[in-house]
Amino acid sequence: MLRMLKALLLTISAIPATAQQLPEPVGHALLHVIAHEAGHAVLREFDLPVLGPEEDIAEDFATVFVYLTLPDQAEAIVEARAAQHRADGATPGPFSAYRADAQLAGRMICLLYGFDPDRFNALADRHDMDSDARDTCADLAPEVLRSWRRTLAPLWIDPEARVTEVGFRVDPALQVQAEGNRELINTALGVLARIDWHSRVTLNFAQCDGTAGWRRNGRVIYVCSSYIDRMIGQLDR
Ligand SMILES: [Zn+2]
């Protein structure tokens with residue numbers, strides 16, 4: 001019993017106090033990350049054609065998906081994730097699957113602005129978009145939105161259906177953190193549950209040293225603890 005209590009205390013003391021309730025921008029950035037991994041899952045699970053760089057497709061999907069499923073939070077989500085990309089600031093080489101972080105940040109702001117230029121005018125102001133950029137984004141974003149709207153049309157779940165195909169798993173060491181972030185987790189699960197998956201998809205908060213990903217084997221969207229800690233350092237100002 002004493003040993004169990006000691007182990008529990010050790011686990012709790014190993015968790016940074018700030019991590020028990022994640023700062024709002026971190027929660028927002030995480031929702032975009034989870035939506036990005038859901039993009040990989042949608043491509044793979046429904047055998048959609050990958051007619052371009054998959055990372056770009058998943059990243060655009062994330063922005064479209066949060067806009068469609070969390071319209072009131074979409075602006076805060078995109079700005080938090082853009083800030084986190086800029087803080088990462090990576091400039092991958094010519095053969096990387098990933099674009100430069102500054103481009104990823106710009107692309108999601110461009111898309112969201114272009115989905116509804118009147119509504120997101122202040123967003124464009126805050127990110128110094130000039131009139132050429134605004135024209136470009138207002139032109140290209142509706143095409144992306146329309147393409148996903150058509151692609152997703154048969155994949156939304158019937159609102160009357162009982163969702164059984166989305167689950168959550170947390171590694172034991174992160175249990176306390178998960179408890180403190182119930183609302184965020186429920187929001188993420190609610191977003192994932194909008195798709196009519198044909199097999200169970202599990203969101204996993206994992207004790208690992210990495211970022212996030214979609215694991216086809218077991219159909220798991222995992223988010224690593226080290227990624228969340230990195231975001232806290234980048235966004236909790
Ligand atoms: Zn990806």
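Trainee: How many helices and strands are in the protein chain of this model?
Mentor: The model is predicted, and its protein chain holds ten helices and four strands. Read from the N terminus, the order of elements is α-α-α-α-α-α-α-β-α-α-β-β-β-α.

Trainee: Why is H5 called largely enclosed by the rest of the structure?
Mentor: A residue is buried if 20 or more other C-beta atoms lie within 10 Å of its own. Eleven of the 15 residues of H5 are buried, so the helix is largely enclosed. Among them are Leu104, Met108 and Phe115. The buried residues of H5 pack against helices H3, H4, H6 and H7.

Trainee: How do you know that the span of H5 agrees with its 15 residues?
Mentor: The expected span is 1.5 Å times one less than the number of residues. For H5 (residues 101–115) that should be 21 Å, and its end C-alpha atoms are 21 Å apart, so the two agree.

Trainee: What makes S3 and S4 a pair?
Mentor: Pairing needs at least two bridges. Strand S3 (residues 212–215) and strand S4 (residues 220–224) have four bridges, in the antiparallel sense.

Trainee: Which residue in the hairpin of S3 and S4 takes a positive phi?
Mentor: Gly218 does, with a phi near 95°; the hairpin has four residues between the strands.

Conventions
Residues are numbered from 1 along each chain as its sequence is written. This is a predicted model: local features need pLDDT of at least 70, side-chain atom pairs count only at pLDDT 80 or more; totals for chains, interfaces and linings use all residues. Helices (H or I, at least four residues) and strands (E, at least two) are DSSP runs, numbered from the N terminus. A residue is buried if 20 or more other C-beta atoms lie within 10 Å of its own, exposed if 12 or fewer, and partly exposed in between; C-beta atoms are placed from the backbone. Two residues are in contact if their C-beta atoms, placed from the backbone, lie within 7 Å.
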